[in-house]
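Here are some notes to read alongside the model.

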Amino acid sequence: MLYRSLGRTGLEISELALGAARGTEDRAQFIPTLHAIIHAGINFVDTAEGYGDSEEALGEALVGHDDVIVETKHCPYESYAVGAKFVGTGEKLTAAAEQSLRRLRRDRLDILLGHGLRTVESLDRFMNDGCYDAMVKLREQGKVRFLGISELSEGDGTHEVLKKAVPSGAFDVVMLTINFLLQTAIDAVVPLCREHGVGTVVMMPLNQASRESGLVSLPAATECVRRHIAEGNLPAEPPYTEAELFDFLKPYSIPEAGLRFVLKQDVSACCVGMRTVERLEENLKAVAPPYMDEARYARLIELFGRIQQQVR
Ligand SMILES: NC(=O)c1ccc[n+]([C@@H]2O[C@H](COP(=O)([O-])OP(=O)(O)OC[C@H]3O[C@@H](n4cnc5c(N)ncnc54)[C@H](OP(=O)(O)O)[C@@H]3O)[C@@H](O)[C@H]2O)c1
C-alpha cells in the first residue's frame, strides 16, 4: 500500500480508502472484511452518522485498531435529498458529534465533516449560524482533530461550494467527487486544495454505482453513457454509441480503470466501498503506479472530459 499526505493535517493515509456507506449490516461478514482491509495496509475509513449502522459497526470492528483514521460526518439538512432544507445548528452538530464518538467508541474523532454541503447559501449558514463555531469548539475541547466538508453527492460539476470553502482556510479536509464520467473537480478543486494545504478524499470513484448504471461493469458503464446521451451530455453518435467504446481500457476491467483514473490524480485518497474480501482483492490491483498509461488516460479525458453533471 502507498500512503499520501492528507493536506496540512500531517496524516499519511492509504491512497485506497474504505467508504463504509454500505455493507456494514452483516457484522459476521463486515468485521473480518474490515480486518482484511486493515491487514492490506488501508488506514482510512469514511463513514457518517447517516450511513445506517456504519459508525456502530466500525466502533465494534475497530477495537484495538486505534491507528485507523476514521472520518465521519454530520448532515445539517432535513434529509439527503438535493433540495433538502438546511436545518443545521451548533447544538445539533455538537450532539451529533457526541453520538458519533459514542458509536465509534472513541475519545476523539479524527476528522469531522459537514456532510453534503450543497449550495453557497447553506455553506454561509453553516459558517455563520453556529455549526462551524461548534466544530471549532469540539476541536478546542480535543474531541475532534480535523475539520472538513463534503460536497453534494449529486455532483453538478460547478463545485461552487468547495471553491468558496477551500480558500477560506476553515477546513483541513474536503471530500469531493471525481470519476472518469465526472472529471470537473480535477481542474476546479484539486489545484485549489493543493495551494491551500487541504486534504482531498475522493468519493464516488465508480460514479455511485448501482448494478444497472455506473463504473462497476461493462454493461453498467454502457448504460451510464446511454443515460448521458439521453441527458444531452454526450452526442448520440460514434464512438459513444458503439459497443467497442471501452475496448481501449483492456486489460483493465471498468471498475479497475475507474479506480486507476482516480488514483492517478493529485489527491490524498480514493474512497470506495468494499463489502467482501473479493472486492478488496480486485480493488487492490489498481494500487499500481503510474496507475494508467498516458494514452488511455488522455482518451478518457477526450471522451468524457466535457461532462459537467453527474448522471447515475
Ligand atoms: N456527500 C458525501 O459525503 C458522500 C456521498 C457519496 C459517497 N460518499 C463516500 O464515498 C464512498 C464511495 O462512494 P459510492 O457512493 O461510490 O459508494 P460505494 O460504497 O463505493 O459503492 C460502490 C459500489 O461499487 C461496487 N464496487 C466496488 N468495488 C467494485 C469492483 N471492484 N467491481 C465491481 N463493483 C465494485 C459496489 O458493489 P458491491 O456492493 O456489489 O460490492 C457498490 O455497489 C462511500 O462509501 C462514502 O463513504 C460520500
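1. Helix α3 passes α5 in a right-handed crossing; right-handed is said when the near helix is turned clockwise from the far one by less than a right angle, left-handed when anticlockwise. Helices (H or I, at least four residues) and strands (E, at least two) are DSSP runs, numbered from the N terminus. This is a predicted model: local features need pLDDT of at least 70, side-chain atom pairs count only at pLDDT 80 or more, and totals for chains, interfaces and linings use all residues. Residues are numbered from 1 along each chain as its sequence is written.

2. The contact joins Gly90, Leu93, Thr94 and Ala97 of α3 to Cys131, Asp133, Ala134, Met135 and Leu138 of α5 (contact: C-beta atoms, placed from the backbone, within 7 Å). Six of these residues are nonpolar, two polar and one charged. Ala, Val, Leu, Ile, Met, Phe, Trp, Tyr, Cys and Pro count as nonpolar, Asp, Glu, Lys and Arg as charged, and the others, Gly among them, as polar.

3. Around the ligand there are 25 residues, of which Gly19, Ala21, Ser150, Met203 and Gly273 are the closest; a residue is counted if its C-beta atom, placed from the backbone, lies within 6 Å. Two or more residues each come from β6 (109-117), β10 (269-272) and α11 (277-284). The largest share, three residues, is that of α11. The shell has eleven nonpolar, eight polar and six charged residues.

4. The chain has twelve helices and ten strands. Along its principal axes, the C-alpha trace spans about 55 × 40 × 35 Å.

Note on methods:
Contact = placed C-beta atoms within 7 Å.
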